[in-house]
Amino acid sequence: MVHRELAEEYPAEQLPIRWAHERGVAQQAAALGARLGGDGEVLVAAAWLHDIGYSPELVDTRFHPLDGARFLRRKGIDERVVRLVAHHTAAMLEAGERGLAGVLIGEFELEESPTADLLWYCDLTTGPRGQRLTVVERLAEIKARYGPEHPVTRFIMRAEPELLAVAERVEGGQ
C-alpha cells in the first residue's frame, strides 16, 4: 500500500487533522470503490493522496491540488492518480479564483468519470476530523471555517451546483 505510506510520510505528522480527513476519505473510497471494479484501486490511491499538497514542504503555489499533483508526478505515481488529485473536488474552479486555471489544465488533463465523481464525493462527505457529513453539511462547514471573503469560500459558492450534481449522481447510483 505505497499510496497510504506516502500519504503518511507527509501530512500525518505535521497536519494531524488533515491526516484524519485523508484517512476518512480513503476509508470511504475503499467502501465505495467496489462499484468501479478495477478502478476501485485507482480511487483508493487518489483518496489517500488527494490532500498531500497541504504538506508544508510541498507548498509551492499555495494551491494544494496543483502542488500535490506536481509532487506525485515527480515521485512517479501513476499518471491517472496524479490527474485525479490535481482536479479533485472542482479544483478547476478554485484554480480560477487563484489565477491558476491555465496552469492546472495545462499540466494536468481533467478526467470526468465515475472514478472522479466518487473521489469528489468521498472528499465532500468527510469532515476535517474524518467524520461523515452530508455534502450540504460539508459545504457549510468549509464556508464557516474559511469565512466569507476567503478564496476557498468564493470557490465553494461558485462550485456548489457542480458539487451537488456530483453528489446526486453518486447517491443515485447507490
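This is a predicted model: local features need pLDDT of at least 70, side-chain atom pairs count only at pLDDT 80 or more; totals for chains, interfaces and linings use all residues.
Q: How do the axes of helix α8 and helix α9 cross?
A: Two packed helices are described by the angle and the distance between their axes. Here, α8 (residues 114-124) and α9 (residues 135-146) have axes that come within 9 Å and cross at roughly 65 degrees. Helices are DSSP runs (H or I, at least four residues), numbered from the N terminus. Axes are lines fitted to C-alpha atoms over the stretch in contact, and angles run from 0 to 180 degrees between N-to-C directions.

Q: Which residues in α8 and α9 meet?
A: Y121, D123 and L124 of α8 meet V135, R138 and L139 of α9. Contact means heavy atoms within 4.5 Å. By class, this contact has four nonpolar, no polar and two charged residues. Ala, Val, Leu, Ile, Met, Phe, Trp, Tyr, Cys and Pro count as nonpolar; Asp, Glu, Lys and Arg as charged; the others, Gly among them, as polar.

Q: Why is helix α3 largely enclosed by the rest of the structure?
A: Buried means under 20% relative accessible area, exposed over 50%, partly exposed in between (1.4 Å probe, protein chains only). Nine of the eleven residues of α3 (residues 39-49) are buried, so the helix is largely enclosed. Among the buried ones are V42, L43, V44 and W48.

Q: How many salt bridges does the structure hold?
A: A salt bridge is a side-chain nitrogen of Lys or Arg within 4 Å of a carboxyl oxygen of Asp or Glu. The structure holds 13.

Q: Which residue forms a salt bridge with D39?
A: R80 does, with the closest N and O atoms 2.8 Å apart. D39 lies in α3 and R80 in α5 (residues 79-86), so the pair ties together parts 41 residues apart in sequence. D39 counts as partly exposed, at 25% relative accessibility.

Q: Where do E160 and K143 lie?
A: These two form a salt bridge, the closest N and O atoms being 3.0 Å apart. E160 lies in α10 (residues 151-172) and K143 in α9, so the pair ties together parts 17 residues apart in sequence.

Q: Which residues are linked in a network of salt bridges?
A: D123, R138, E141 and R145 are linked this way.

Notes: Residues are numbered from 1 along each chain as its sequence is written. Side-chain values use heavy atoms; hydrogens and water are left out. Helices (H or I, at least four residues) and strands (E, at least two) are DSSP runs, numbered from the N terminus.
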